[in-house]
Amino acid sequence: MSQPSLSVPVDTAPNDPAPDTTMLRAVKASALQTSPFEHIYMQNVFSPGFYERLLKLIPARERFHDLRHKDAMRADGSSARRRMYLYPEHLWRLPAEQRALWGSISRVLRSRAMQDAFKLKFRQSLETRFGRSIDQIDLYPIPILVCDLPGYQIGIHADVMAKAITVQFYLPKDASQRHIGTVFHYGRTGPEAERTIAMDFMPASGYAFAVMERESWHSARRTTEADGERWTLMLTYYVQDTPKAWFKRRWDRFRTFFGFGPKG
């Protein structure tokens, strides 16, 4: 299911659709699932040719910052998660070919068309949570390229309420990492926490859900050396419905240039 398509120029191969077309189509084509909470699982997020180029043009390690989080730590005390914010002010330092490709993805992820597609998909959850029409809900997108190293995990949580929609696109080379996708839970503790639905970690796929208090429970099981690195695109829509929240979103963006991520 896609929202209105953007016209984003990108150096693609002949007959290889640009990411605006395929990403929006993948959102709109996904079926809304209501159990254990409203979510979608997206497939064919990128065309095969574009996806192949994307994997070849992953930026170098020095472009990433370590995320210091109690769950995202390895046994030796180092961070298990590295991230690179996909804002234009970060991308200008990349080599030209990388800058063109990731710039095209960044524009789609930050676009109004993409935001509207997700808001429409999760209309019922969002309007229930905020008590008003989705047209009156103002959100700010934060796009991040993430590399999780072996040993990464995160416990069952529902996401902070500063977030409205959580999206993660999976970027594996093949189906060998299928088992390391995000896990959705029916509850945080007890038997309900043991009832789960796992999102397959497949090439050019992903999931999204509306953040709901004490409802959108999810986790990631600890990965092993055999699993290898776990590459994903994170897209988080933060709420900016007050002047204070509006300013905080932009202050957080400024801080990302120095390696600091938003705190909620």
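Author: Start with a helix pair. The axes of helix H2 (residues 48-56) and helix H4 (residues 96-109) come within 10 Å and cross at roughly 125°. That makes H2 oblique to H4. This is a predicted model, where local features need pLDDT of at least 70, side-chain atom pairs count only at pLDDT 80 or more, and totals for chains, interfaces and linings use all residues. Residues are numbered from 1 along each chain as its sequence is written, and side-chain values use heavy atoms, with hydrogens and water left out.

Reader: How are helices, axes and angle words defined?

Author: Helices (H or I, at least four residues) and strands (E, at least two) are DSSP runs, numbered from the N terminus. Axes are lines fitted to C-alpha atoms, for helices over the stretch in contact, and angles run from 0 to 180 degrees between N-to-C directions. Angles under 35 degrees count as roughly parallel, over 145 as roughly antiparallel, 65 to 115 as roughly perpendicular and the rest as oblique.

Reader: Which residues in H2 and H4 meet?

Author: Contact means heavy atoms within 4.5 Å. On the H2 side these are Phe50, Arg53 and Leu54, and on the H4 side Glu97, Leu101, Trp102, Ser104 and Ile105. By class, this contact of H2 with H4 has five nonpolar, one polar and two charged residues. Ala, Val, Leu, Ile, Met, Phe, Trp, Tyr, Cys and Pro count as nonpolar, Asp, Glu, Lys and Arg as charged, and the others, Gly among them, as polar.

Reader: At what angle do H1 and H4 pack?

Author: Helix H1 (residues 19-29) packs on H4 at an angle of about 40°, with the axes 9 Å apart. H1 and H4 are therefore oblique to each other. Pro19, Asp20 and Met23 of H1 make the contact with Ser104, Ile105, Val108 and Leu109 of H4.

Reader: Are H1 and H5 roughly parallel or roughly antiparallel?

Author: The axes of H1 and helix H5 (residues 112-121) cross at roughly 5° and come within 10 Å, so the two are roughly parallel to each other. Met23, Leu24, Val27 and Lys28 in H1 meet Ala113, Met114, Ala117, Phe118 and Lys121 in H5. That contact of H1 with H5 has seven nonpolar, no polar and two charged residues.

Reader: What should I check in the backbone?

Author: Look at omega and phi. The peptide bond from Ser35 to Pro36 is cis, with omega near 0°, and Pro36 sits in the loop between H1 and strand E1 (39-42). Ala204 has a phi near 50°, a positive value in a residue other than glycine. Its place is the loop between strand E8 (196-198) and strand E9 (205-210).

Reader: Which residues line the second largest pocket?

Author: Rolling a probe the size of a water molecule over the atoms shows where empty space is left. On a 1 Å grid over the protein atoms alone, where a 1.4 Å probe fits, a pocket is an open set of points with protein on both sides within 12 Å along at least five of seven lines; lining residues have an atom within 4 Å of a point. Here the lining residues are Leu55, Ile58, Leu171, Pro172, Lys173, Asp174, Ser176, Gln177, Asp227, Gly228, Glu229 and Trp231.
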